[in-house]
Amino acid sequence: MTDFIKEKEIELLKEIREYTFNNKELLNAHHFMFACPVKRNGKPADIMICGINPGGDPKEKDYRKIYKGRPFPTEESSDYDWWVEDHNKKRSSNGADGRYLKCAYDVLGSQKNIMLTEAFFWNSTSVSKKHFDERYGYSLDKNPHWDFCVKMNLELFKAHNPDLILVFKSNKAEVPKIAKRFNLNEIHSFELDCGDRPPTRMYHYETGDSTPFIFVPHPSGYIWTSEMVKAIKDYLYKIGGV
């Protein structure tokens, strides 16, 4: 990884911490996720996986930190990954994030350098009213931090210049919202065979600099059939994403 990328990540993480501290409801988070490499090998990311927001809170212990004398969310980042450092887990297809990392490796290849980030950085058990709205005081859709999160992510994408950005979300109501926030251009979509479940779609958008932004079904909601894996993999190969 170049010094420029390292310095940019340090700069962006510092900005996120200050932003969190200055928006008090965000202190209710247990952790945030941004620029979290799966393989800590110091290389730029080939692939960015962008979630919607990080999942729930650990049941056995609170790993939050102290920042400026106050309880403060811990993080999943290139600087500190609480899931590995505090929770003694491993980021792999057999460990933390196992389901979607396995799916990612199935279509992208296991040699790829993958980095994890989120569209909304701060965690919740779910995006329901009980778990999200009551924690932060607004819904995910109506939260006032989209512009900040998009800005930070676009700077991260620019620094790493990945081959593609992968989003595990294929809900036809949600994909256009994300695309609008990131100012993406729609390129193509096609139906995916989901076995016993009704079919869903894969969506291909692109950023302003033509980086593919690919939306695929989340493995928590869909079992990835061999047909689905082949269809996604073939398409990514065709567009030069793998």
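Let's start with Glu15, which is partly exposed at a relative accessible area of 31% (buried means under 20%, exposed over 50%, partly exposed in between, with a 1.4 Å probe and protein chains only). This is a predicted model, where local features need pLDDT of at least 70, side-chain atom pairs count only at pLDDT 80 or more, and totals for chains, interfaces and linings use all residues. Residues are numbered from 1 along each chain as its sequence is written, and side-chain values use heavy atoms, leaving out hydrogens and water.

Glu15 meets Lys151 in a salt bridge, 3.9 Å from N to O (that's a side-chain nitrogen of Lys or Arg within 4 Å of a carboxyl oxygen of Asp or Glu). The pair ties together distant parts of the chain, with Glu15 in helix 1 and Lys151 in helix 5, 136 residues apart. Helices here are DSSP runs of H or I, at least four residues long, and strands are runs of E, at least two, numbered from the N terminus.

Lys8 forms a salt bridge with Glu11, with the closest N and O atoms 3.3 Å apart. Lys8 is buried at 16%, whereas Glu11 is partly exposed at 40%. Further along, Arg17 pairs with Asp79 at 3.0 Å, N to O; Arg17 sits in helix 1 and Asp79 in the loop between strand 6 and helix 2, 62 residues apart.

Seven strands make an open, mixed sheet in the order 2-7-3-8-11-10-9, where pairing takes at least two DSSP bridges between two strands. Its edges are strand 2 and strand 9.
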